[in-house]
Amino acid sequence: MELNKFFRPNILALTPYSCARDEFAGFQNAEAVFLDANENPYPNGCNRYPDPRHTALRQRIAQLRGVAPQRIIMGNGSDEIIDLLIRSTCRPALDNIVVFSPGYSVYEVSAAINDVQVRSIDLLLPDFRPDVKILSKVADANTKLVFLCSPNNPTGNVIPLSTVERICSMLPDSLVVVDEAYIDFADMPSATTLLDTADNLLVLQTLSKAWGMAGLRIGIGIGREDVVTVLGKVKPPYNIGGMAQQMALDLLADTDGFERRVAEIKCERGRMFGELTALGIFSRVLPSSANYILVFSPQCRAVHGFLAENGVVVRLRDQRLIPDGLRITVGTPEENDRLLELLKARI
Ligand SMILES: *Cc1c(COP(=O)(O)O)cnc(C)c1O
């Protein structure tokens, strides 16, 4: 399988920066004396450069996700991997990416920064399904990436794996990126289960949401080993700090706590869906497979302002295709009660 249909020629030709620690296989040797990286030798917990390959963390994530560690690239948040993908595949002013709207705006911002054209396809109303038929007309030979978001931010619906599979086979020369930032809140398997059949698929995940580590900035890309290897050459070598890697590793040990909290959030999501619907002030409340609920009201701006004045911050998503939209993250039961009390008081 040729990589040149995916990547820019300059990227494939790249001789990556070689870190001091890359060259030294005995990095883990506690006895070694490190005089290779111009570090300060006096220990303070962070005087050494971190592992550029994130070896221990990657192995743990591989184990949790049931994929080979060589299939994983780690970013400073998945936002960094999005930028990495665009920079590595799209030639500025020549190539394009396809996104679906309404969706996660980072794809478009990152493309704009890189001078890459964005072709946006409207999701189909009323349930925000991707329009697969029109995709074959919108995409062309210069389409390097197609971004799918499942569960979709901000609408909360999932894209069936059969649709992902169809899109992958429709556009064999583009990388199809499935952003699964919220997959742990959904009741469906990850698109990583398609990796053996769809060889132009790349799945993005993150420790920022269900795992509760937004402050650490740890994003995960899972794809073909050769594709991931190329991305690894482009990423900044020390993109995740050592303390963040270590803390993530420690927090990933608590799989029971993770499952308990995700179950609690899903339970609260169900309760909030019912309560928000029953209030009768929203014209529509969307069912969600993520940890947020999109609601609609012609008074969304006033509601948003009223909540903010009372110390509850929600996200205004009043935009094309979702006019009057307000996105509410599912909080703790107490936080959700606070929101409901305020909304009831306002009626
Ligand atoms: C929150 C979010 C991300 C996460 O980004 P990180 O950089 O990993 O924190 C990615 N994609 C979508 C759709 C998101 O909502």
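**Exercise 1. Around the ligand**

How far is an oxygen atom of the ligand from an N or O atom in the side chain of S208? Work this out in the predicted model, then describe the ligand's surroundings.

*Solution.* 
Step 1. Go to S208. An N or O atom in its side chain is 2.6 Å from an oxygen atom of the ligand.
Step 2. Check T206. Its side chain also has an N or O atom 2.6 Å from an oxygen atom of the ligand.
Step 3. Turn to D179. Here the ligand atom is a nitrogen, 2.6 Å from an N or O atom in the D179 side chain.
Step 4. Widen the view. The ligand is surrounded by 13 residues. D179, Y182, T206, K209 and R217 are the closest.

**Exercise 2. Helices α3 and α9**

Find how α3 and α9 are oriented, and list the residues in contact.

*Solution.* 
Step 1. Locate α3 at residues 55-65 and α9 at residues 242-251.
Step 2. Take the angle. The axes cross at roughly 30° and come within 9 Å.
Step 3. Classify it. Angles under 35 degrees count as roughly parallel, so α3 is roughly parallel to α9.
Step 4. List the contact. α3 gives A56, L57 and R60; α9 gives Q245, A248 and L249.
Step 5. Sort by class: four nonpolar, one polar and one charged.

**Exercise 3. Helices α11 and α12**

*Solution.* 
Step 1. The crossing is right-handed.
Step 2. A302, V303, F306 and L307 of α11 meet L339, L342, L343 and R346 of α12.
Step 3. By class, this contact has seven nonpolar, no polar and one charged residues.

Note on methods:
Residues numbered from 1 in each chain as written. Predicted model: local features only at pLDDT ≥ 70, side-chain atom pairs only at ≥ 80, totals over all residues. Heavy atoms only, no water. Axes fitted to C-alpha atoms, helices over the stretch in contact; angles between N-to-C directions. Helix = DSSP H or I, 4+ residues; strand = E, 2+ residues; numbered from the N terminus. Parallel < 35°, antiparallel > 145°, perpendicular 65-115°, else oblique. Contact = heavy atoms within 4.5 Å. Nonpolar A, V, L, I, M, F, W, Y, C, P; charged D, E, K, R; others polar. Near = heavy atom within 4 Å. Polar contact = N/O pair within 3.5 Å; in protein donor to acceptor, adjacent residues only side chain to side chain. Left-handed = near helix turned anticlockwise from the far one by under 90°.
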